[in-house]
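Hi,

Here is the structure I said I would pass on.

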Amino acid sequence: MVDSQYVLPNDVGLALLDCSEAFRLLLRSERLYAHYLSRACWYGGLVVLLQTSPEAPAIYVLLSRLFRAQDPDQLGELARSTGLTDQEYQAFLVYAAGVFSNMGNYKSFGDTKFVPNLPKDKLRQLIWQSQAFQEQPEEMKSLWDRCGELMFSLDRQQRQLGLREKGTTTYFSGNCCLEDAQLAQKFLDSQNISAYNTRLFKEKDKAGQTCYEVRLASVLGTDAPVDHELAPKLRSFEFEGSTFRVTRGDYAPLLERVVENLKRTKTHAANTNQEHMLEHYIRSFSQGSIAAHKEGSRCWIRDKGPIVESYIGFIESYRDPYGSRGEFEGFVAVVNKAMSAKFAQLVESAEQLLLELPWPRAFEKDTFLTPDFTSLDVLTFAGSGIPAGINIPNYDDIRQTEGFKNVSLGNVLSVAYATQKDKLTFLAEEDKDLYIKWKGPSFEVQVGLHELLGHGSGKLFVQEEKGTCNFDREAVINPETGELIQSWYHGGETWDSKFSTIASSYEECRAECVGLYLCLNKDVLRIFELEGEDAEDVIYINWLNMVRAGLLGLEFYTPETGTWRQAHMQARFVILRVLLEAGEGLVSLQHTTGADGKPDALITLDRNKILPVGKPAIKRFLRRLQVLKSTADVAGGRALYGGFSAVTDEGPERFLSLRDTVLLRKEARKMFVQANTRLEGEDVTLVQYEGTAAGLIRSFSERFPEDAELLERHLLELSDADAHFWASQG
């Protein structure tokens with residue numbers, strides 16, 4: 001039996017991401033804009049396979065070929081005739097759906113590997129009997145030889161994403177360790193090169209000297225004509241005893257499809273902001289230029305209140321073990337006007353609410369740049385997973401001076417967080433009905449505050465290369481020490497580059513704390529039409545949900561390596577620790593025995609102590625987080641955050657033992673089945689699928705009708721070209 005944390009259960013939740021009503025209300029030009037933009041996103045999403053594991057592209061191609069030749073129902077009939085039980089075939093369908101949904105064989109939320117939950121010889125037999133094998137026996141055998149072993153392997157290093165002995169990653173060659181990542185970051189900072197669209201490959205030259213290749217993602221190769229911005233950077237550099245060679249052309253054939261579709265999108269743009277945004281994106285993906293992507297992001301921020309909203313590029317750095325390289329993602333969504341009106345009211349109140357945050361005015365941005373905040377129904381979300389809310393762009397320099405946008409993904413929220421009472425773990429019976437009733441509304445409030453006033457608040461103190469500062473060095477006092485501030489960011493340094501491995505989780509924790517703190521404000525709750533007892537219940541459930549999530553977070557901690565695999569869940573565990581430390585009976589956590597005789601746990605929150613005990617505790621902690629972030633105090637930030645992130649078996653909580661209980665009773669994360677758009681004459685139609693593993697597989701089988709085989713060939717060629725960088729790891 002395989003450990004349950006490395007398989008997806010047969011009854012995993014699957015849900016259709018329904019956007020039919022929103023799509024129906026679009027004008028023809030908006031549907032065409034959404035269609036071509038969706039195509040660009042789906043092509044780009046395939047890049048994630050190459051960013052995840054050495055075997056992911058071959059697994060994807062193998063599954064893609066199987067199901068293009070035979071629909072899941074047809075393959076199911078064959079499976080039964082070759083001796084697979086219904087449970088075994090369902091396990092295979094769930095595995096395939098998991099690979100398509102996560103764009104690889106590692107969970108996008110938690111970064112652990114998942115393997116097929118059926119015997120390897122039975123899966124091999126099914127493949128050998130399949131229509132795809134009959135049509136291309138040599139190719140299918142070759143694919144199995146490439147990925148069959150690794151598909152099932154749970155060797156220590158392959159159980160989770162990580163650097164060198166801590167796991168698997170394809171952001172770095174297999175011989176790179178943390179020191180290599182740190183040296184590369186210093187080099188990138190010295191040349192003012194962003195890590196977002198790069199990968200790092202380390203080799204020895206003929207003289208035995210270490211040589212690093214920093215490869216930028218682009219359509220054009222290193223030899224093609226270079227624009228003036230990149231020209232001085234695409235060459236070799238000597239840096240601290242090593243050679244760094246900056247090249248480009250990573251994922252070129254896939255990005256070529258992205259660019260082709262962005263060009264088509266441009267002809268249906270609604271305004272000049274959208275046109276200019278797309279022009280910059282095209283240049284960014286063609287040349288490998290993050291500067292161009294930043295320009296595109298500036299145009300995107302200026303495109304206020306579009307009917308069809310989107311973002312595309314190398315965005316989130318959660319899955320880079322070092323925390324600075326971006327995973328490709330792209331989304332297209334349609335505005336939900338009713339919910340967006342509530343968020344617009346929240347934006348109107350934002351400047352007033354910022355004054356309530358527990359840090360001095362000097363630690364807040366000089367001016368609040370009023371952002372767009374919309375509720376969206378997702379049409380397309382390509383990448384490794386779908387969040388509930390987003391605050392972008394992630395570029396510090398743009399966020400500090402030009403602003404950002406917030407989006408809440410309404411149709412994701414409505415299905416992702418629906419909970420059945422019998423699956424609700426670790427809560428007292430008397431809390432469960434209230435929790436089910438108010439979890440959705442409370443999460444809506446939390447997402448709104450988290451994105452807008454969490455990620456949208458706080459200033460970074462920066463001294464530019466010319467010496468000018470964005471703060472008064474002679475006047476700004478550190479409220480934690482009572483002295484003038486002693487540290488800040490220097491030109492070229494960013495939050496991600498300074499705080500690296502803890503940056504993502506620390507920032508999520510800060511944003512979650514802002515949500516908890518400000519949800520206590522009755523004016524905020526009124527915006528969401530919550531008053532009286534309802535408002536009190538929403539506050540209680542929001543706080544209860546956070547401490548329960550902190551306990552559930554233990555699933556995402558790896559004791560063997562002492563590492564956390566998911567930024568948000570680490571953040572929620574830290575908050576649980578802060579509230580437990582506040583004492584006075586605010587939060588109680590007990591080891592219990594369940595009705596089934598197995599270990600269980602019970603977490604309770606005293607709702608009468610949220611204001612007198614919980615609020616001051618979050619206030620103190622939130623201020624410390626912000627001050628350390630603003631002043632670039634990496635040592636202080638690591639000490640604080642690392643201390644609260646520690647998982648030990650010391651009493652009274654005994655978190656390591658609780659982790660076993662959490663794993664025993666965990667519920668798998670839902671997967672989403674997304675629609676396809678199809679050109680029919682001069683218009684676009686929406687094709688939706690059933691919310692099952694088979695439906696998810698069908699959606700992918702029909703996603704690339706014109707060029708699936710060519711894409712598969714590109715993926716294998718790209719994977720082959722770099723395979724030697726991980727050969728010794730297998």
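Helices (H or I, at least four residues) and strands (E, at least two) are taken as DSSP runs and numbered from the N terminus. Residue numbers start from 1 along each chain as its sequence is written. Please keep in mind that this is a predicted model, where local features need pLDDT of at least 70 and side-chain atom pairs count only at pLDDT 80 or more, while totals for chains, interfaces and linings use all residues, and that side-chain values use heavy atoms, with hydrogens and water left out.

**Cavities**

Rolling a probe the size of a water molecule over the atoms shows where empty space is left. The search runs on a 1 Å grid over the protein atoms alone: a cavity is a set of points where a 1.4 Å probe fits but cannot get out, and a pocket is an open set with protein on both sides within 12 Å along at least five of seven lines; lining residues have an atom within 4 Å of a point. Points are joined across faces, edges and corners, and a volume is the space filled by probe spheres set on them.

That rule gives four cavities of 30 Å³ or more. The largest cavity comes to about 90 Å³. Helices α4 (56–69), α25 (693–701) and α26 (708–722) each put at least two residues into its lining. Among the lining residues are Y60, F100, F704 and E712. By class, the lining of the largest cavity is seven nonpolar, two polar and two charged. (Ala, Val, Leu, Ile, Met, Phe, Trp, Tyr, Cys and Pro count as nonpolar, Asp, Glu, Lys and Arg as charged, and the others, Gly among them, as polar.)

The second largest cavity holds about 50 Å³. Its lining is N197, A217, S284, F285, I290, H293, F314 and Y395, with at least two residues each from α12 (272–287) and α13. There are five nonpolar and three polar residues in that lining, and no charged ones.

**The second largest pocket**

This one has a volume of about 1,100 Å³. Its lining runs to 47 residues, with N192, K294, D397, G492 and T494 nearest the centre. They split into 15 nonpolar, 18 polar and 14 charged. At least two lining residues come from each of α10 (178–190), α13 (290–302), α15 (396–401), β12 (489–490) and α18 (495–518).

**Two helices**

Back to α12: its 16 residues reach 22 Å from first C-alpha to last, close to the 22 Å expected at 1.5 Å a residue (the expected span is 1.5 Å times one less than the number of residues). At its start, a side-chain oxygen of N271 comes within 3.1 Å of the backbone nitrogen of N273, and just after the helix G288 has a positive phi of about 90°. Its buried residues include M277, Y281, S284 and F285; buried means under 20% relative accessible area, exposed over 50%, partly exposed in between (1.4 Å probe, protein chains only).

Buried positions in α11 include L254, V258 and L262.

Where does N406 sit? N406 is in strand β10 (residues 405–409), and is buried at 0% relative accessible area. A polar atom of its side chain lies 3.3 Å from the backbone nitrogen of L452, a polar contact (N or O atoms within 3.5 Å; within protein, one must be able to donate a hydrogen and the other to accept it, and residues adjacent in sequence count only if both atoms are side-chain atoms). Leaving out residues up to four places away in sequence, N406 touches P371, D372, F373, T374, I390, N391, E451 and L452, with contact meaning heavy atoms within 4.5 Å.

N411 is in helix α16 (residues 410–416) and is buried, at 6%. Its side chain reaches the backbone oxygen of D18 at 3.3 Å. Beyond its neighbours within four places, N411 contacts residues including L17, C19 and D377.

Last, S457 is in the loop between α17 (429–454) and β11 (462–463), and counts as buried at 2% relative accessibility. Its side chain has a polar atom 2.7 Å from the backbone oxygen of L453, and also reaches the backbone oxygen of G454 at 3.0 Å.

Cheers
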